[in-house]
Amino acid sequence: MKALMKRLPKISMHAFLIVSVLITIFPFVWVAMMGTHSRSEIFSSPPPFYFGSRLLENYEKLLDIMPFWLVLGNSLMVSIIGTAVTVLFCSMCAYGFFAYEFRGKNVVFGVMVASMMVPPVLTLIPFFLTVKFLGLLDTHAAIWLPLAANAMGIFLIRQYMVTSISRDLLDAAKVDGASDFRTYWTVVLPLIKPALATLGIVTFIALWNNFLLPLIVISSPDKYVLTLALRSLQSVANTPWGAVMLGTFLSMIPLLVAFLFFSKQMMAGLTAGAVKG
Amino acid sequence: MAGVELLNLSKSFGSVEVLKSLNLTIQDGEFVALVGPSGCGKSTLLRIIAGLEEETAGEVYIGGEYVNDLSPKERNIAMVFQSYALYPHMSVEENMGFNLRISGISKPDIKARVQETAEILDLVHLLDRKPSQLSGGQRQRVAMGRALVRNPDVFLFDEPLSNLDAKLRVQMREEIKRLHQRVRTTKIYVTHDQIEAMTLADRVVILNQGIIQQVGTPRELYQNPANAFVAGFIGSPAMNFLPATLTSDGTSSRIELEDGSILVADKRANQPSDGKILLGMRPEHLHLSAEKDEHSLKGRVDLIEPTGAQNHLRVTLAGKSTTVVDNSLTEVELGEFVNLKIDPDNLHLFSQ
C-alpha cells in the first residue's frame with residue numbers, strides 16, 4: 001500500500017499523458033478509419049470504429065473526383081519552396097538586426113514586432129490588392145511570397161541569435177577575413193540550426209494548412225492546393241466522404257514526415273537557453 | 001612583422017570619451033602590454049588597432065602604412081579573444097585553417113601550415129576535435145594557433161587568460177612567453193592583471209580613464225612610477241599611501257606624517273614641491289627593525305596573515321592601515337608596536 005502511494009504521482013502523471021495522447025491522435029485515427037469505409041457505412045449508427053475494406057474503392061473515387069496527386073504536388077511545391085525561402089530570408093533579416101548597428105534599428109524592429117499584433121484578416125484586402133498589383137494572382141508565388149520575410153520568423157531567429165551567438169565570433173570571422181555574407185553563411189547559419197528547424201516546421205505547417213490565402217488568390221483548378229481541393233469536394237452531389245477522408249489522411253502524411261525530419265532540431269530550439277550550458 | 005604607431009587617437013561613444021588623444025609607438029617585434037582597470041579603454045584601443053572599432057579621431061599606422069581605412073583582414077593582424085571565439089561547429093583543424101581557406105590557399109598548403117602550427121602548440125592530437133571537447137587551456141592554445149597559422153604582422157591579445165583558473169593561467173603565461181621567444185612578431189596584449197603584464201611584456205602601457213599614465217619596462221614602472229595611480233597599480237600587494245608634508249633644504253628632504261613621525265631622505269631632482277604630498281611605500285620595502293631611527297616608523301600590528309614563505313602584516317602607521325610583507329618571518333603579536341624601517345631610496349613622493 002505504502003509502495004503504491006509512493007508511486008501514485010508517477011502513475012497519475014502517466015495516466016494523464018496517455019489520455020492526452022489518445023485525445024490528440026483520436027481524430028487522425030478516426031480519419032484513417034473513415035477512409036476505408038463507404039459513405040453509407042460512415043453514416044450508419046453506430047459509426048464503425050474499425051478499419052474497413054473500401055480503401056481501394058475510395059482511392060479510385062478520390063482520383064475520380066479530383067486530381068489528387070497534382071494537387072498534392074502543388075501543396076508540396078508551395079510548402080517546400082515557401083519554407084526554404086522563408087527560412088533563408090527571415091534568417092538574413094534577423095542577422096541584419098543582430099549583427100549591424102544602424103540608425104533607427106530599434107524603431108524598425110519595434111514596428112516589425114508590433115505588426116504581429118495586427119489580426120491577419122484585417123490585411124486581407126490590402127494583401128489581395130498588392131498581389132494583384134504585382135501580377136501574381138492565380139500563381140503559387142502569391143501563397144508563399146508574402147510569408148518570405150515575416151515578422152514572427154525574423155523575431156524568432158533574431159532572439160535565438162542574441163542568446164546563442166557571441167559577438168566575438170562575428171569579430172573573429174571579420175579578423176579572419178570573412179565577408180559579411182560568408183560570416184552569415186559559414187559561421188552564423190550552422191549555429192542557429194535549431195531556430196531554423198523550428199521556423200521551418202512552423203512555416204511548413206502554416207503553408208500546408210493555409211486555406212484562406214489560396215482561396216483568395218488561386219482560381220484555376222489545376223493550381224489548387226490540397227486545402228482548396230478538399231474543400232471543393234463538399235459541393236459534389238452525394239459527397240463521397242470515404243474518399244474525402246482518405247484524401248485528408250493522405251494529405252497529413254507529408255506533415256508527419258516533415259515533423260519527424262525536423263523534430264529533433266526543433267526540440268533543441270524550443271528548449272535552448274532553458275538550462276545553463 | 002611590423003611596428004604599430006598611434007597618433008592623437010581618440011574614441012568617444014556618444015558623449016563618453018573613452019580614449020583621449022593617445023600617442024604610442026610600438027617597435028617591430030616588441031611585446032607590449034596594455035594594462036589598466038576595467039573601463040579604462042584598453043580593449044577599445046585594441047579593437048581600434050584591429051579595425052573592429054572605428055576611431056573618432058587620430059591615425060593608426062601598422063608597418064608604417066596608414067591603416068585607418070583598411071579592414072581587419074587588410075591590416076594583416078591576428079587576434080586572440082577573451083572568450084577564445086572558436087567556431088563551435090568546426091573542428092580544431094577547420095578553426096585554424098578558416099582564414100587560410102578564405103584567402104584561397106590550396107588545401108595541401110593549409111593542411112601543412114595547420115600541422116606545423118599544431119606541432120608548435122602541441123595540438124596535433126586534438127586536430128579532429130570540436131571546441132566543446134577541449135579544456136579551457138586547450139581552447140586557448142587553439143585560439144593562439146588560429147592566430148599563429150596566418151603569419152600575421154601583429155598579434156593582438158584581448159585578456160586571453162582571464163577565463164582560466166589560476167594554475168592554468170600561470171602555465172599559459174609561460175607558453176605565451178615561450179611563443180614570443182620563438183616567434184618574434186609584434187604583440188599587443190591587453191590585461192587587467194599587472195602580474196601578467198609585468199611577466200610577459202617588454203614594455204607596459206598603463207592606461208586610466210582613456211589616458212596613458214606611463215609607458216616603460218616593468219622595472220621602470222615598478223621602480224619609478226610616474227604618479228600615484230601607476231604606483232598603486234603596479235606591485236602586489238599594492239603600495240601603501242600616507243598623506244604627509246614635505247619640506248626640503250639644499251640637500252635633504254624631511255617628510256612629516258600626520259601623527260608627527262618624521263622620515264628623512266636625500267633631496268631628488270624630480271620630487272614634488274614642498275607642501276602636502278602622498279608618501280608611497282611598497283609593502284616589501286618595509287622591514288621590521290629592533291631600533292627606531294630617522295628612516296623608520298612605529299606602528300601597531302592589527303592582523304597577521306602567514307602565507308608560508310612570508311607573513312603579510314596589517315600595521316597601523318600614522319592612523320592609516322598599511323600592508324607589510326615580512327620575509328624574515330619574525331614572530332610578532334597582535335597589538336604589538338613595531339618599528340618599520342625603509343631605505344630612503346625606496347620612498348616614493350607624489351604630489352597630492
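## Domains of chain B

The model is predicted. In chain B, the C-alpha centres of domain 1 and domain 2 lie 39 Å apart. Domain 1 of chain B covers residues 4–233, and domain 2 of chain B covers residues 240–351.

Where the two domains touch, domain 1 of chain B gives five residues and domain 2 of chain B gives five residues. On the side of domain 1 of chain B that touches domain 2 of chain B, three residues are nonpolar, two are polar and none is charged.

Within chain B, strand β1 spans residues 4–13 and strand β2 spans residues 16–26. The strands β1 and β2 of chain B pair in the antiparallel sense, with seven bridges between them. Across this pairing, Ser12(B) is found opposite Glu17(B), a residue of β2(B).

Two residues sit between the strands in the hairpin of β1(B) and β2(B). In this hairpin, Gly14(B) has a positive phi near 65°.

## Contact between chains A and B

Chain B also meets chain A: 17 residues of chain B are in contact with 14 residues of chain A. On the side of chain B that touches chain A, the elements giving two or more residues are strand β6 (77–80) and helix α2 (92–102) of chain B.

By residue class, the side of chain B that touches chain A has twelve nonpolar residues, four polar residues and one charged residue.

Technical notes. Residues numbered from 1 in each chain as written. Chains lettered and ligands numbered in written order. Predicted model: local features only at pLDDT ≥ 70, side-chain atom pairs only at ≥ 80, totals over all residues. Contact = placed C-beta atoms within 7 Å. Helix = DSSP H or I, 4+ residues; strand = E, 2+ residues; numbered from the N terminus. Nonpolar A, V, L, I, M, F, W, Y, C, P; charged D, E, K, R; others polar. Domains from an automatic or database assignment. Pairing = 2+ DSSP bridges.
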